[in-house]
Amino acid sequence: MAEHGYGLAGPGATAEESETLEALFDSIDRFAADHIDSEKIDREHHIDRSIIDGLAELGLFGLSIPEEHEGFGLSMQGVCSAVGRLAY
């Protein structure tokens, strides 16, 4: 839980969405630590295809897609939280 007393997706988020984001944040953090060199990306102005493919494998291109269509089904606030985590 966030220090403000509401879930990771922000005020009004369901417990399920907060749990989903917590697991997703762990995956994002591990992937970023293992595969993303932000200084290299900034220097070369290029993101390697392997990074894009890895983000797709994590499901990050389906954050707002409903679960019945194999997405995460996150709210827009949840999507912003996940993208913000990746950017961090």
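This report describes a predicted model of one chain, from its overall build to two of its residues.

## Basis

Residue numbers start at 1 in each chain as its sequence is written, and side-chain values rest on heavy atoms, without hydrogens or water. Local features need pLDDT of at least 70, side-chain atom pairs count only at pLDDT 80 or more, and totals for chains, interfaces and linings use all residues.

## Overall build

The chain has four helices and zero strands. Its order from the N terminus is α-α-α-α. Helices here are DSSP runs (H or I, at least four residues), and strands are E runs of at least two.

The chain has 88 residues, and 26% of them count as buried. Buried means under 20% relative accessible area, exposed means over 50%, and partly exposed lies in between (1.4 Å probe, protein chains only).

## A negative patch

E16, E19, E22, D26, E67 and E68 form a surface patch of negative charge. Patch residues have over 30% relative accessible area and no salt bridge, with like charges joined within 9 Å.

E22 sits in helix α1, residues 15–35. Its relative accessible area is 45%, so E22 is partly exposed.

## The loop at G73

G73 belongs to the loop between α3 (49–58) and α4 (76–87). G73 counts as partly exposed because its relative accessibility is 40%.

Leaving out residues up to four places away in sequence, G73 touches G62, L63, S64, I65, P66 and E67. Contact means heavy atoms within 4.5 Å. T20 is 53 residues from G73 along the chain, and their C-alpha atoms are 9.7 Å apart.

Key
Patch = residues over 30% accessible without salt bridge, like charges linked within 9 Å, V, L, I, M, F, W, Y side chains within 5 Å. Areas by Shrake-Rupley, 256 points an atom, 1.4 Å probe, with all protein chains shown as cover. Salt bridge = Lys/Arg side-chain N within 4 Å of Asp/Glu carboxyl O. Lys, Arg positive; Asp, Glu negative; His and termini not counted. Charge placed at Lys NZ, Arg CZ, Asp CG, Glu CD.
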